[in-house]
Amino acid sequence: PGPIQIVAATLNGTGTQTFGLSSGTSNCVEGNKTAALEVFVEANIIALNNDISRGEGETVATLDRMLSCSDSGVANKALQSNYERISSQKSSSDVTATIKKTLREAPRAGCTDV
């Protein structure tokens, strides 16, 4: 309540969540990559949808790193081509599953953690 909400909103808008998940400082351990990915998608769903629609941006770059994609250009193009399918999902877990399926269908992207 009150001032703490202002601080929380400010920090959330700075990209600290993205940094924490991608750098490992948020206690997301290697063994639970799917859970970390779902948390990332849920926390960044609006920015992620915007970046997927453009085929570039901080959130898709983080997604590429989280999924160990060797060719981010191919991965981002595959995501952008499937924007409608991804953005039409109702829950963050469905979005996550659709992203992973999309990248599995794009083997040239070289995403090893899908």
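The buried residues of helix H4 pack against helices H3 (33-43), H5 (58-66), H6 (72-81), H7 (83-87) and H8 (92-104). Helices (H or I, at least four residues) are DSSP runs numbered from the N terminus. The model is predicted: local features need pLDDT of at least 70 and side-chain atom pairs count only at pLDDT 80 or more, whereas totals for chains, interfaces and linings use all residues. Residues are numbered from 1 along each chain as its sequence is written, and side-chain values use heavy atoms, with hydrogens and water left out.

**Helix H4**
- Within H4 (residues 45-54), Leu48, Asn49, Asp51 and Ile52 are buried, that is, under 20% relative accessible area with a 1.4 Å probe and protein chains only.
- Seen down the axis of H4, these residues fall within an arc of 170°, so they line one face of the helix; the arc is taken from the directions from the helix axis to the C-beta atoms.

**Thr96**
- Thr96 lies in helix H8 and counts as buried because its relative accessibility is 1%.
- Neighbours within four places in sequence aside, Thr96 contacts Leu37, Glu38 and Val41, where contact means heavy atoms within 4.5 Å.

**Disulfide**
- The count is 1 disulfide, defined as a pair of cysteine sulfur atoms within 2.5 Å.
- The sulfur atoms of Cys69 and Cys111 are 2.0 Å apart in this disulfide.
- This pair links distant parts of the chain, 42 residues apart: Cys69 is in the loop between H5 and H6, and Cys111 is in the segment after H8.
- The link of Cys69 and Cys111 is right-handed, with 105° about the S-S bond, and both cysteines are buried.

Notes. Buried means under 20% relative accessible area, exposed over 50%, partly exposed in between (1.4 Å probe, protein chains only). Helices (H or I, at least four residues) and strands (E, at least two) are DSSP runs, numbered from the N terminus.
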